Amino acid sequence: MSHRTTGFTGVTGVSRRTAARAAAAAGLAVLFGAATGTGRARATSAPGPRTLDLTVSSAALGRGAPVRLILPSGFATDTGKTYPVLYLLHGAHDDYTSWTRETDIEAFTEGRDLIVAMPDAGPTGIPSVWRDGQDYETFQVEEVPALLAREYRASGVRAVAGVSTGGYGAMAHAARHPGTFTAAASYSGVLDTTAPGVPAIVDAIVAREGLSPASLWGNPLLNLLTWRDFNPRARAAALRGTALYVSQGSGLAGGSGDPLPEALESALWPSARGFTAELARQGVPVTAHLYAGGGHSWAYWKREFTTSWPMLAGALGVPE
């Protein structure tokens, strides 16, 4: 699960330039707002000069779901150009705003010709096909890309990265849809859903949101085949040809000093080790950073994203 922090900003006044940028951002929301309907989107706000919040009408979810976009700097002027897309997935008990709240991803991508898409995965942050009918996998892998291709000039080049349950989503999406993503990166992800202790963690994440654990993949024993079907480790061979980055800390031994994030990181350590070992057994290349200590928090995930960026940039065909 992700560890949410609260940022703060001091505001002493609004300059003309700031006001102009805000007006331009609001104009983007109007300019790129599309008619509603299945697979369509409505721009609800523009939190930054290049950032848009959309509500996407999703057949897979049976409702509208939010997506935050960061558009390329020249998107409005270079109207004949298409762009690769980097999908960034959030963790449990968080939402689609987490990457812009916890990192400087908008400033980081300034001047790089790519679209950043941050789709919602619900309160659990587990972007899978749920037994109760929610289908966040189709929403993220099919509906959002189709919308971006149709209305935001997205090319067919995609990479995906995520934290915690979003790290699960990154590897699960790439493994369950071979060839869809040129690269996948997981930062403290749940990469072996059937590893000892991991089903209990997954069930606890679901239960914390007031949902029945069985509503995800069913009972870990009675529905073991379903758990395996959605397990990145069980589908490791399908990741051949996808550039991969996996990072995970050992947690409690020499960790961050915060017991809860350390304990969770430690509990997921065997999952990451089992996943990377299976990749090695299958002969699938991976860049793995399995480090001592650490915690299940953005302090480490921001560092790992920066470390993985050259791989992601190369797979997307954009400058490092």
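1. In this predicted model, strands β4 (residues 83–89) and β6 run parallel and are joined by 6 bridges. Within this pairing, Tyr-87 has Val-160 of β6 as its bridge partner.

2. Strand β6 also runs parallel to strand β7 (residues 183–187), and 5 bridges join the two. Here Val-160 stands opposite Ala-184 in β7.

3. Strand β6 is mostly covered, since 7 of its 10 residues are buried. Val-163 belongs to this strand, which spans residues 154–163. Is Val-163 buried or exposed? Its relative accessibility is 0%, and buried means under 20%, so Val-163 counts as buried.

4. Which residues does Val-163 contact, apart from its neighbours within four places in sequence? They are Leu-89, His-90, Gly-91, Trp-99, Tyr-187, Trp-298 and Trp-301. The C-alpha atoms of Val-163 and Leu-88 are separated by 8.4 Å, although the two residues are 75 residues apart along the chain.

5. The largest nonpolar core has 56 residues, and the members touching the most others are Leu-69, Ile-126, Leu-148, Tyr-152 and Leu-239. Helix α5 (residues 165–176) gives the most to this core, namely 6 residues. A second, separate core has 25 residues, among them Leu-86, Trp-301, Trp-309 and Leu-316. In soluble globular proteins, nonpolar side chains tend to be buried together.

6. Ile-126 deserves a separate remark. Residues up to four places away in sequence aside, Ile-126 touches Ala-121, Tyr-136, Thr-165, Tyr-168, Val-202, Ile-205, Val-206, Leu-216 and Trp-217.

Conventions:
Residues are numbered from 1 along each chain as its sequence is written. This is a predicted model: local features need pLDDT of at least 70, side-chain atom pairs count only at pLDDT 80 or more; totals for chains, interfaces and linings use all residues. Side-chain values use heavy atoms; hydrogens and water are left out. A nonpolar core is a set of buried Ala, Val, Leu, Ile, Met, Phe, Trp, Tyr and Cys residues joined through side-chain atoms within 4.5 Å. Buried means under 20% relative accessible area, exposed over 50%, partly exposed in between (1.4 Å probe, protein chains only). Helices (H or I, at least four residues) and strands (E, at least two) are DSSP runs, numbered from the N terminus. Contact means heavy atoms within 4.5 Å. Two strands pair if DSSP finds at least two bridges between them.
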